[in-house]
Amino acid sequence: MSAVTQVVNLLAAILLLIAFAMLAQRRLLRLIHLFALQGGVLSLNTFVVAAALSQPHLYFSAVLTFVLKVLVLPWILMRLIERLDLKRDVETLINIPTITLIGIVLVIVAFNLALPISQLAGTITRGTLGIAMASVLISFLMMITRRKAVAQVIGFLAMENGLFFAATSATYGMPMVVELGIALDVLVGTFIFGIFFFHIRETFDSLDIHHLEKLKDRQ
Amino acid sequence: MIWFDLVSQLLQSLLAILLAPLLLGWINQCRAWLQNRSAPSLLQPYRMLRKLLEKDAVIAHNASWLFRLTPYVVFASMVLAASIVPIVATDLPFSPAADVIALVGLFAVARVFMALAAMDIGTAFGSLGSRREMLIAALAEPALLIVFFTPALIAQSTALTTIVEQLAHRQLHLYPSMAFAAVAFVMVLLAENARIPVDNPSTHLELTMVHEALILEYSARHLALMDWAHALKLMVYLTLGIALFLPWGVAQPGHWLALPLAVVAVFIKLALLGAGLAVLEAVSAKMRIFRVPEFLGIAFLLAVLGMLIHFLVEA
Amino acid sequence: MTEVLLVLGLPLIGAVLLAASGDRPWAAEANTAVALSTLLAAVALTARVITLGPLVTMGELFFVDAFNVFLVTLTAFVGFTTAVFSRIYMRVEQDRGKLSPKRLRLYHGMYQLFMFTMLLALLTNNVGILWVAMEAATLATVLLVSLYRTPASIEAAWKYFILCGVGIAQALFGTILLYLAAERVLGSGGSALLWTHLNDVKGQLEPTVLAIAFVFLLVGYGTKVGLVPLHNWLPDAHAEGPTPISAVLSGLLLNVALYAVVRNKVLVDAALGTHAAGTLMMGFGLLSVIVAALFLSRQKDIKRLFAYSSIEHMGIATFAFGMGGAVASFAGLLHMTAHSLTKSAIFFAVGHAAQKTGTQIIDDIRGLIHVSPAVGWGLMIGGIAILGIPPFGVFASEFLILTTAMKDHPWATPILLLGLALAFASIFSRLQAMVLGESTAERLPHPPALFPVFVHLLIVLLLGLWIPPYLANWYRQAAAMIG
Amino acid sequence: MSLLHPVLGVVLYWLALGVVGLAVPIARGPHARLFFGLGAFGGFVLAFTGLAALGSWPLSMVLPLGLPDLPFHVRIDSLSAFFVMLLGFASTGVSVFAAGYFEKGGGGDIQLICLQYHVFLASMVMVLVADDAYLFMVAWEAMALASYFLVITDHRIEEIRRAGFLYLLVAHIGAIAILLSFGVLQLGQWSYNFSAIRDNLLSPGWAAVAFLLALFGFGAKAGFLPVHIWLPEAHPAAPSPVSALMSGVMLKTAIYGLLRVSFDLLHVQVWWWGVLALALGLFTAFYGVAFAAVQTDMKRLLAYSSIENMGIVLAGFGLTLIFHAYRMNLLAALALAATLYHCLNHALFKSLLFLATGSVMHATSHRSLGKLGGLIRRMPWVAATALVGTLAIAGLPPLNGFVSEWMLFQAFLLSTGLPNSYLNMFVPVGTAAFALIVALAGYVMVKFYGIVFLGLPRESSLEGAHDAGVLERIALVWLAAWCVVLGLAPVLVLRAIDSIPQMLIGSSLRESLNKTSWAFLTAMAPEHASYSPIVFVLVTVAVVALTFILVRRHFHGRARRVAPWDCGFPGLNARMQDSAEGYGQPIKQIFEPFFRLERHHPSPFDPKPHYRSKIEDKLWYALYLPIERLAARLSQWVGILQQGRIAMYLVYSFATLLLLLVLIR
């Protein structure tokens, strides 16, 4: 197994770890830090792959990732929680051990699902596809368990990261135009989320989404 | 040949029309004897008719044309019925005009007109009578039809003449189904002709009367026609019974000499049946109107049983 | 080429323009004008396709084939009529002080942007761009759903955003897997995501990958189609957004999402060589029909009612595509067309009705036919059409679908029968109560803009009685392609 | 220029008439007279076109409309022709009547009614001539829709809206069933035109499915049990001409469809289908007549009587099936002829009676039997024509109702040769039931006529009642006249429709019809049974005349008008006569198990004693409410899906994703 592969696998393992950390993290501020860290690892990973295979467009996407997911998005999020002064904890719906347990189950499922695919993938990074899928599912789980809007959004963005990781690990990244489109969407999406925080805030003067459970089928 | 037919047809019809009151008189006489009263004369019904026909008609203010038309219709349909049933001869020109089903329909026509006419004036008794009459009829009619169907099935025909010929002119053969049918027929006959136990022909006791309530508002010639038709109806029913259940002696097609014999036979049979009817009425008591459905239900049941028995043992 | 550019460019320019000055008094007219010009461009494109046949342009970036050409025209058309409708509608809302000029600007800008994303999603040849466009469509509409800034509308928009965002993320994963599979056949680089190429090699794609990819794609785009149990955003978003948006959501977005699903199904079917994808879609379809029908019977809000009806009809269409075969797919396409026209017409009428009575609560809307016969009859006829009563187009498609199902999948027909009967009972009882009887509402200063309603219904009626030959040909070709 | 052209021409003519009528805003009176009067011509043309097309070779056309690969096919053969003729005769009368009726108001906007009315007529014709499943369904549902809008003409009344909804719901469910039946019939060939369907040879199992679906679907329109509930609600709700069309003609289209599917499109006929139809028919008929007997609203009474008559028709249809399944084709032909004859009769006399109720309502503005009476003196024309209708529907000779019943009885009686001992036992019992039904029908009609037209007026307002206008009279006389003609010349009619058994069953009554003269109707053979209405009438009239003359000659014709005698009771007034409840009371008592009764007896100390009794359909409580409750409970359960919690929604999609991932592996 080549050195690059080992590095990539290491980084992948770190990503998975971060995903779990985010799943278990109570504090919003830390959550954002972890998100930024995830982005960093991601871009590093992309960079390594690019270097190993000298794929020009991978360099570009590495840079893109770094700018977007390490600098811009975290910065926006920080600004937001400052403006909304949300330095408080985020509490989870059910207790953390259970959640992490479920997370582990998901990892197993993801690995098993990814096994046949990764055998097909011709990339040096194929081993990490399972991890990518796992981190997607874990972020999904995180979105389910969080009850603060911001945390949910961070989960959403983490899922985006997982997808991006999957893209790089399975196929050395999507075509450029698509990557640009995705990046744009994510950026705009985050802005809109930001706008929403303020709407929600000024309407319910809290970002707790249990305020957002009024709409149902009244009988 | 056709002349002979027409003659026998007219003869039979006239015979029926003219003798119907006599039959009524005979039955009343028998009843009087059985109740050991002194009987009115045999000709009493004729006197009644004549008296009524001579009187001035008295009609309610609000009587409509339907009211005045009804007696004629009722009388006419009874005459028609009487000329369809083979009483003395089986080859009647009119008889192809109606089979047993049509005959039942004919009775229904008369009944419906009577019921409507009774409601025309708008008296309490009129509508009461018509309701009861229609109820009894609604239950009696199916029974009657089924009664007819048993011989119809035996003869594979619903044409009266065919039935009678089949039954009369083939070698004697006992049909248990016919026994059931006969009993049912008698019960229907009692109900349809307003006899005890279903109705009491000789009462004006308001709450129990059925037939009398129907003709309550009629007088004079209209009443006469109604009564005559009523007598005729009884006559037709009895002759029907004869034709279906004891048809022996009816004149074969084209037998001149058989005719007088047939007439005599019919006379005897009618006399016997009338007497029997009187006995029946004498021994039974009138029942409540809501017992009547049960009574007719039994008749219906017997008729159906007869039919089924026909399928079981005779078909 | 030029037509494609026009079709895509006009709404984009319009979006920029109106985002800058959408609060001017002439903004609504401008909006209508842009929509109209887009429609004209689309018609030109259609005409070109009719004459020259399918085309692939701009370095294979865009393509038009039998499947998307009529959807493009339909989208442009409904976009135009909705703009006409919203001109009056939004003015009333403004007069009632429900909208500030700023929000009106947002509305107009986003409206055009939404049109752009829809058309892009339809025209692009690149499955990745298709995904981008779908996501962009969500982003464009989410702020429109919360346009009124009421708590309810914000909640609805949030749910819409989160659920569709998550769903679309699954779709992205599916797309990646698709790319992974395609790459091994077509080599890496842009061409591996071009649908035309994928379509050529669909037989050689790796089945296991595509199977999993299809699951993600189905769950992802299916969320936007509103398939049960992924549908929960749909009624809220329809009920709380402004009515024109409800109209385009039901009329266009669901269609395009289903379009995306079907495009991918084509590849998966060929790759797997089994009927697995079809079976999944049939299952989702039936589930959606029956569940939506049951929901229908408990609705109190008129817009929610018709939102659930949209779920039901999308279910029917999905079921049809799931069954596959020339007739069923034909019927599915016809159903998409008829449903989007009818449902948008209904929402127009509903919008006017709600404005006249000042409420969306069904029990408070009575006797519309006396207040405004046009609105009343529009709603009545629209409802009759959507309930699948001939001679409207919806019936034509349901006729084909039901008869096909009766022969190929008899076990499914009782469910469909039950669903349709329930839906009929639930919708029609409410419809009758709202349209007929004694009236409660007062007249409005503005005359309702009902020309769109009746134009739509007229076309739907036509579809039931006579389908233009070239349209029929497209349906046939597309059906043949879908298989 | 085939016979199809006039038919389609009339369809177009009616549609155009409707559209123009909608567009032309002139005063009510002229509008009604003009457009409905014009509409009547269409019916007239159809009547005789249908008559001409009877027995002629089938003609078909393809219209430039419809789905791709599935253009509209139209075709007219003897079966279609018969029903077209039926529609023509009935609708001519009804349209003429409507021209006078709507003139005087009668709810709703006349222009709208004009459109709906003519669309209704046109769609019925299209149903009859449709030759492919798609066109059939389109016309079928258009018919239901148009009639629905006509039913809810007075939609401000809550009950009427409810009735309309119930009607359309049942109609739609029935339509879906028919659709599925076609789905079975077309056997996956994607060729929906009937000519292709005829060539499909279905396996008995699928054939049975198709038949049962068709029976249910068409039964929902014809008002067979248990899907009859809409009928007594919807027919009274509509304006009288519409009720007449619905009862008289629309119900027949269901019979047409049933015959078309089971004898023309299906190849096999299995005996138990017939038994099912026969039993269902008799039960329906009995149910209908029993409920008719206890009604207190004259239009509801007639509606229930329609259920009864459709039941009789279904019984006849069942007999036909049984005979045909056992290849006793001559008897099958007899039964079929009787069935068709009864359809025709019912179309005529039921329209007649509904129109009569329309006149009565206009004259008195009352529908409840409890408020009518004595109208024979105020409205002689209506009363006279209604009497004809009443006697006809009561099945009395020599009118038309009796003919079809007579033939049905013959069919019943001849069924003894069936090679199935169970049926041999069963059919006679059926005969008995049929006899009971017929007799009860007489009871019902006497009640109807007696309470509406005879006796003392139960309301003082009735004194001012006026007779129907000229147009109405013409219409009533037209229908009554045909009742008489059909009663007097059955042989001619049967010869005309003889081609239908020939076509559907491959056997006809020709020889038995030609054995005797036209005056004598025979079943199979003269010696078996014969009936001559002509002789009936001649003899009766002769005797009446003779008696009259003799009485006058030998005695006198003097008459005095006095107050009613009434057994000498003084102070006779209208409240002493039987009310509608009173007249129906014996039936209520005898057949109590069939009804759901609610009685309110007054207490003996009540100063103003008041007796109320409500009679409802048991099936409504036994069948429909449970279904409704079940649906409600299901939707309750489903409601759990929509709890408003976004986390739950995410869980749903998460679970779905995982589930599918596991499934797809």
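In this predicted model, 68 residues of chain D are in contact with 72 residues of chain B, a contact being a pair of residues whose C-beta atoms, placed from the backbone, lie within 7 Å. Local features need pLDDT of at least 70 and side-chain atom pairs count only at pLDDT 80 or more, while totals for chains, interfaces and linings use all residues. Residues are numbered from 1 along each chain as its sequence is written, with chains lettered from A and ligands numbered from 1 in the order in which they are written.

**Chain D against chain B**

- At least two residues each come from α15 (400-414), α16 (421-453), β4 (530-531), α21 (533-554), β5 (559-562) and α22 (580-590) on the side of chain D that touches chain B; helices (H or I, at least four residues) and strands (E, at least two) are DSSP runs, numbered from the N terminus.
- The most is given by α16(D), with 15 residues.
- By class, this side of chain D has 46 nonpolar, 15 polar and 7 charged residues, where Ala, Val, Leu, Ile, Met, Phe, Trp, Tyr, Cys and Pro count as nonpolar, Asp, Glu, Lys and Arg as charged, and the others, Gly among them, as polar.
- Strand β1 (residues 57-60) of chain B runs parallel to β5(D), joined by 4 bridges; two strands pair if DSSP finds at least two bridges between them.
- Within β5(D), D:Val562 stands opposite B:Ala60.

**Helix α1 of chain D**

- Helix α1(D) (residues 4-23) has 20 residues and reaches 29 Å from its first C-alpha to its last, close to the 28 Å expected at 1.5 Å a residue, the expected span being 1.5 Å times one less than the number of residues.
- Its buried residues (20 or more other C-beta atoms within 10 Å of their own, with C-beta atoms placed from the backbone; exposed means 12 or fewer, partly exposed in between) are D:Pro6, D:Val7, D:Val10, D:Val11, D:Trp14, D:Leu17, D:Gly18 and D:Gly21.
- Seen down the axis of α1(D), these buried residues fall within an arc of 150°, so they line one face of the helix; the arc is that of the directions from the helix axis to the C-beta atoms.
- On the other side of α1(D), D:His5, D:Leu12, D:Ala16 and D:Ala23 are exposed.
- The cover over the buried residues of α1(D) includes α2 (28-53), β2 (70-76), α3 (78-101) and α4 (110-129) of chain D.

**Chain A**

- Chain A has 7 helices and 0 strands.
- Of the 219 residues in chain A, 53% are buried.
- The C-alpha atoms of chain A fill a box of roughly 55 × 35 × 35 Å, taken along the principal axes.

Note on methods
Contact = placed C-beta atoms within 7 Å.
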